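Here are some notes to read alongside the structure. Take them one at a time, with the model open next to you.

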Amino acid sequence: MPHPEPKEATPDGRIADNIVYFGRTLRKAGMRVGPASVKDAIEAVLAAGIGSRDDFYWTLHPVLVSRHEDHPTFDETFRLFWKSHELIEKMLAMFLPVAPNVREKQKPRAAENRVSKAMFEGHQKNQPAQEIPEIEVDARFTFSGNEVLRGKDFAQMNAAEMTDAKKAIAELRLPFDMVRTRRFKSNAHGRRIDPRAMMRSAARTGGELILPKFRSPREVHPPLVVLADISGSMSQYTRIFLHFLHALTEKRRRVHAFVFGTRLTNLTRQMRHRDPDAALADCSAAVKDWSGGTRIGDTLAEFNRLWSRRVLGQGAVVLLITDGLERDDVAGLSEEMERLHKSCRRLIWLNPLLRFDGFEARARGVKAMLPHVDEFRSVHNLDALADLCASLDKHSARSVDPRRWTEGGARSAA
């Protein structure tokens with residue numbers, strides 16, 4: 001079928017106004033789209049013309065999208081804004097009463113809630129104010145707005161809620177977990193004699209007076225190593241996870257951040273920037289495989305070969321953030337997970353798929369990884385992150401035992 005010739009766009013038509021409204025919707029949904037970007041988009045459409053839907057998409061995309069993590073938001077906004085019949089259905093739904101829908105709800109798209117609220121925000125503002133009668137309600141068994149936000153899935157938050165979530169992540173309190181090292185420090189109440197300190201003290205008096213000196217084992221914060229999946233299946237959580245990594249780096253020393261999709265990227269240096277937006281901008285420039293495929297086994301093999309000896313000393317704790325959906329063969333994944341598990345003191349797997357009540361460990365990658373982790377946790381909302389931070393200095397609870405999700409654990413529980 002021959003490709004249709006692009007039609008020439010004229011500046012006196014409605015396309016320029018629609019692009020302006022489209023840019024405003026993107027900005028309300030959380031993207032960085034200013035007047036200059038909208039002007040460039042209009043000029044790009046005037047120069048390229050309007051051909052197929054895909055041509056129009058790729059004319060606007062490189063001009064309006066400046067960050068990798070904004071791809072899902074742009075895709076959802078483009079789908080709703082430039083697809084007339086869906087837009088009409090949403091507009092009619094606001095004014096016409098409809099029968100309750102008893103069908104099973106479909107899995108929401110990434111950024112759908114933020115885009116929908118941004119598109120129809122004007123409708124709410126233009127409605128006349130209605131007098132609401134004052135009603136006294138017993139609020140002992142109700143939830144506050146903060147509690148609702150803490151339990152809400154990151155993928156379903158709008159732009160305002162995402163901003164509040166980032167502030168809450170920045171205020172997370174990390175536990176004061178310590179590990180004992182082989183080195184010692186001077187301690188007047190220690191139980192071990194410190195011969196070197198005694199000789200140094202005696203040298204000051206010419207050996208005439210030798211006083212006992214004591215020492216005790218030194219305790220330090222263990223290194224925290226984060227391996228975060230940024231593949232396409234994790235795109236709706238990538239940006240909020242990067243904010244979580246930045247909060248960890250800012251509040252604690254010896255935090256090493258790595259991201260992986262089809263390759264492994266070390267973002268430890270980029271995360272040290274005090275400004276989170278500047279840190280994420282540096283991360284976006286450093287990573288080359290955003291929202292692509294997943295090669296968990298190969299990236300773990302690269303980490304074990306090049307980085308494990310450098311960052312996994314002194315009782316390091318590893319946070320592995322991924323859904324476990326391996327695209328390649330899982331033959332070597334189990335071996336690399338076993339090596340990673342033996343190289344660290346504690347391996348915690350954070351999987352956003354645990355937000356589903358009916359989750360089962362059926363995927364090949366999940367089955368290969370589960371036997372080699374100490375904890376299996378969800379990471380889809382603020383409550384899950386808070387529980388993780390509170391548990392770093394405690395023993396693993398039964399509720400996060402990975403054996404609960406394996407066949408043997410299921411049989412024993414039954």
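At what angle do helix 11 and helix 12 pack, and how far apart are their axes? Keep that in mind; point 2 comes back to it.

1. First, the overall picture. What you have here is a predicted model. The protein chain has 414 residues, and 44% of them are buried. Its secondary structure comes to 18 helices and 9 strands. If you take the contacts between residues at least 6 apart in sequence, 78% join residues at least 24 apart. The accessible surface is about 24600 Å², and carbon and sulfur atoms account for 51% of it.

2. Now back to the opening question. Helix 11 and helix 12 (residues 276–286) pack at about 120°, and their axes are 10 Å apart. The crossing is right-handed. On the helix 11 side you'll find R239, L242, H243 and H246, which meet P276, D277, A279 and L280 of helix 12. Sorted by class, this contact has 4 nonpolar, 2 polar and 2 charged residues.

3. Next, have a look at what follows helix 11. R254 sits in the loop between helix 11 (235–251) and strand 5 (255–260). Its phi is near 55°, a positive value in a residue other than glycine. With a relative accessibility of 32%, R254 counts as partly exposed.

4. Another helix pair deserves a look. The axes of helix 13 (residues 296–306) and helix 15 (residues 333–343) come within 9 Å and cross at roughly 35°. This crossing is left-handed. Helix 13 brings I296, G297, L300, A301, F303, N304 and R305 to the contact, while helix 15 brings L333, E336, M337, R339 and L340. The residues of this contact divide into 7 nonpolar, 2 polar and 3 charged.

5. Strand 8 (residues 346–350) pairs with strand 9 in the parallel sense, over 3 bridges.

6. Is helix 17 largely enclosed or largely open? Largely enclosed by the rest of the structure, because 7 of its 10 residues are buried. Those buried residues are L382, A384, L385, A386, L388, C389 and S391.

7. L319 is part of strand 7 (residues 317–321). L319 has a relative accessible area of 1%, so it counts as buried. What does L319 touch, leaving aside its neighbours within four places in sequence? The list is L224, V225, V226, L227, L248, I348, L350, L388 and L392. As for V226, it is 93 residues from L319 along the chain, yet the two C-alpha atoms are separated by 4.7 Å.

Definitions and conventions: Residues are numbered from 1 along each chain as its sequence is written. This is a predicted model: local features need pLDDT of at least 70, side-chain atom pairs count only at pLDDT 80 or more; totals for chains, interfaces and linings use all residues. Side-chain values use heavy atoms; hydrogens and water are left out. Axes are lines fitted to C-alpha atoms, for helices over the stretch in contact, and angles run from 0 to 180 degrees between N-to-C directions. Helices (H or I, at least four residues) and strands (E, at least two) are DSSP runs, numbered from the N terminus. A crossing is left-handed if the near helix is turned anticlockwise from the far one by less than a right angle, and right-handed if clockwise. Contact means heavy atoms within 4.5 Å. Ala, Val, Leu, Ile, Met, Phe, Trp, Tyr, Cys and Pro count as nonpolar, Asp, Glu, Lys and Arg as charged, and the others, Gly among them, as polar. Buried means under 20% relative accessible area, exposed over 50%, partly exposed in between (1.4 Å probe, protein chains only). Accessible areas come from the Shrake-Rupley method with a 1.4 Å probe; for residues, only the protein chains shown count as cover. Two strands pair if DSSP finds at least two bridges between them.
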